[in-house]
Amino acid sequence: MTETTVAPSATDAFPGGPEDLAVALRATGYLPDEGLATAAYLALVMRRPLFLEGEAGVGKTALARALAEVTGRPLYRLQCYEGLEASQALYDWDFGRQLLHLRAAEAAHATADTESLEASLYDRRFLLARPLLQALEDSPSVLLVDEVDRADDEFEAFLLEVLSDFTISIPELGTVRAEVPPLVVLTSNRTREVHDALKRRCLYHWLQHPDFDREVAILRTRLPEVTERLAREVARAAAKLRTLDLLKPPGVAEAMDWATALHTLGARDLDPDLAARTLGAVLKYREDTDRVHALARGALFGGG
């Protein structure tokens, strides 16, 4: 078995400090608060995975994309789900191409040396790299492990092993180790508790919904076509909706969808009737829309 160390192809360290990283992130349209910018900077400098928890739509996944952009690294995303297996995260063999190769060898009467033929079936060209292997091979990179709380305990234990030394062993080919560990961002919506062993391996940050001024700034930055007044009224209404004990309180992503829908319909402010007609852009459960429709529209949307 051989070992392959993948050398870095770009600068590893981010110049400056947390404030400089925050400025660079803002240039991509991602507006972090001070704590998040510091956590992301430390993850870069200390080469530690960054574990982000928070409700859906607060910007966990978007941070990984923004970090890839500001560092110039490729982004590889592993979407977790129940039943996810190691082969789907690491690598798999392209059985279709292997079969074609075998048939071509038979047609060329090159099947006498069975040992060499079998070895040729496990050539690197027949390997299908999945996100974890891709992130190690394309070093340095950003690896997003999205919604790790949806994966099984067994996969979580496997992931902990990979993140411990950033090494993957392929029995037929050897060992792949990244000289520069990928910047790993793990996200969780907290549908279940992630084991302490994985959290101890990471730097941790809890993402909250942004305060009013920052949410307005996010809407104005990401949706410059939306009026200042509409952005402020959408941000205020979204904040009110989050206080209603809904099944799925709206995140920043939903607020952006709502503002976009309203702007598309020609709104320059949050008219209560139009707001009620476009709730499908911000609320995703019938029970939540029923609850909001039952309340006084003026109290929620600032109209008459």
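A: Helices are here DSSP runs of type H or I with at least four residues, numbered from the N terminus. The model is a predicted one, and in it helix 3 is the element that contributes most to the lining of the largest pocket, supplying six residues. The volume of this pocket comes to about 740 Å³. Its lining is made up of 35 residues, of which Gly59, Lys60, Thr61, Ala62 and Ala253 are the closest to the centre of the pocket. Two or more lining residues come from each of helix 3 (60-71), helix 10 (212-222) and helix 12 (252-264). By residue class, the lining divides into 13 nonpolar, nine polar and 13 charged residues.

From helix 10 the description can pass to the loop that joins helix 10 and helix 11, where Thr227 is found. Thr227 has a relative accessible area of 16%, and because a residue counts as buried under 20%, Thr227 is buried. The side chain of Thr227 also makes a contact with the backbone nitrogen of Leu230, at 3.0 Å. Leu230 is itself among the buried residues of helix 11, a group that also includes Ala231, Glu233, Val234, Ala235, Ala237, Ala238 and Leu241.

The structure contains three aromatic pairs. In one of them, the ring centres of Tyr91 and Trp93 are 6.5 Å apart and the ring planes meet at 80 degrees; since planes over 60 degrees apart count as edge-to-face, the pair is therefore edge-to-face. Tyr91 and Trp93 are both buried. Another aromatic pair, formed by Phe155 and Phe158, is tilted, with 5.5 Å from centre to centre and 50 degrees between the planes. Phe155 and Phe158 belong to helix 8 (residues 153-165), where they stand three residues apart, about one turn of the helix. Like the Tyr91 and Trp93 side chains, these two phenylalanines are buried.

Terms used
Residues numbered from 1 in each chain as written. Predicted model: local features only at pLDDT ≥ 70, side-chain atom pairs only at ≥ 80, totals over all residues. Heavy atoms only, no water. 1 Å grid on protein atoms, 1.4 Å probe; cavity = no way out; pocket = protein on both sides within 12 Å on 5 of 7 lines; lining within 4 Å. Points joined across faces, edges and corners; volume = space filled by probe spheres on them. Nonpolar A, V, L, I, M, F, W, Y, C, P; charged D, E, K, R; others polar. Buried < 20%, exposed > 50% of the residue type's maximum accessible area, 1.4 Å probe, protein only. Phe/Tyr/Trp six-rings, centres within 6.5 Å; stacked < 30°, edge-to-face > 60°. Polar contact = N/O pair within 3.5 Å; in protein donor to acceptor, adjacent residues only side chain to side chain.
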